[in-house]
Amino acid sequence: MTEIDVKIDALVPAGLTLPDIAEMLDVEVTRVRQLVKEGQLIAVRRGENRVLQVPAAFISGEKVVKGLSGTLTLLRDDGFTDEEMLEWLFTPDPTLPGTPAQALSENRGTEVKRRAQALAV
């Protein structure tokens, strides 16, 4: 495990495997892989077996959390790597309050996107 892996593991509380997400979203695993490839979800290898997982906070019920895809696009356009995006999304921000990932799940995506856009300035 690299240093960033340890940090990400500490920040991201829980992950879901791609088959788990496929079941939750009622789609094929290939569709979930496509979402990852397209940048609409972030997947990282975690655990002893280095299984590809997506943070559980990115899925709400039967859908990807509203506003996540746009936020990831903004961060990627700002030059963020997947690891840096995860770090930003799961680092508590007392002015938000909570983490950007938590704010997205609470339908506060406008504020999260505003902050993501401000990073580019």
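At what angle do H4 and helix H7 pack, and how far apart are their axes? Here are my notes on that and a few other spots; keep in mind that this is a predicted model.

1. **H4 beside H7.** The angle is about 5 degrees, and the axes of H4 and H7 (residues 109-118) are 9 Å apart. Angles under 35 degrees count as roughly parallel, so that is the label for H4 and H7. On the H4 side, the residues that meet the partner helix are Gly 70, Thr 71, Leu 74 and Leu 75. They face Val 112, Lys 113, Ala 116 and Gln 117 in H7. Sorted by class, the contact of H4 with H7 has 4 nonpolar residues, 3 polar ones and 1 charged one.

2. **H4 against H5.** Now look at helix H4 (residues 68-77) together with helix H5 (residues 82-90): their axes come within 10 Å and cross at roughly 120 degrees. That angle makes H4 oblique to H5. As for handedness, the crossing of H4 and H5 is right-handed. From H4, the contact uses Leu 68, Thr 71, Leu 72, Leu 75 and Arg 76. H5 brings Asp 82, Met 85, Trp 88 and Leu 89. The class count for the contact of H4 with H5 is 6 nonpolar, 1 polar and 2 charged residues.

3. **An aromatic pair.** The count comes to 1 aromatic pair. The partners are Phe 58 and Phe 90, with ring centres 5.7 Å apart and 35 degrees between the planes, a tilted arrangement. Where do the two sit? Phe 58 is in the loop between strand S3 (51-55) and strand S4 (59-60), while Phe 90 belongs to helix H5, so the pair ties together parts that are 32 residues apart in sequence. Phe 58 and Phe 90 are both buried.

4. **Ala 56, in the S3–S4 loop.** Staying with the loop between S3 and S4, have a look at Ala 56, which also lies there. Is Ala 56 buried, partly exposed or exposed? The relative accessible area of Ala 56 is 25%, which means it is partly exposed. Leaving aside residues up to four places away in sequence, Ala 56 touches Ala 14, Gly 15 and Leu 16. Thr 17 is worth checking too: its C-alpha atom is 9.1 Å from that of Ala 56, although Ala 56 and Thr 17 are 39 residues apart along the chain.

Notes
Residues are numbered from 1 along each chain as its sequence is written. This is a predicted model: local features need pLDDT of at least 70, side-chain atom pairs count only at pLDDT 80 or more; totals for chains, interfaces and linings use all residues. Side-chain values use heavy atoms; hydrogens and water are left out. Axes are lines fitted to C-alpha atoms, for helices over the stretch in contact, and angles run from 0 to 180 degrees between N-to-C directions. Helices (H or I, at least four residues) and strands (E, at least two) are DSSP runs, numbered from the N terminus. Angles under 35 degrees count as roughly parallel, over 145 as roughly antiparallel, 65 to 115 as roughly perpendicular and the rest as oblique. A crossing is left-handed if the near helix is turned anticlockwise from the far one by less than a right angle, and right-handed if clockwise. Contact means heavy atoms within 4.5 Å. Ala, Val, Leu, Ile, Met, Phe, Trp, Tyr, Cys and Pro count as nonpolar, Asp, Glu, Lys and Arg as charged, and the others, Gly among them, as polar. Rings of Phe, Tyr and Trp (its six-membered ring) pair if their centres lie within 6.5 Å; planes under 30 degrees apart count as stacked, over 60 as edge-to-face and the rest as tilted. Buried means under 20% relative accessible area, exposed over 50%, partly exposed in between (1.4 Å probe, protein chains only).
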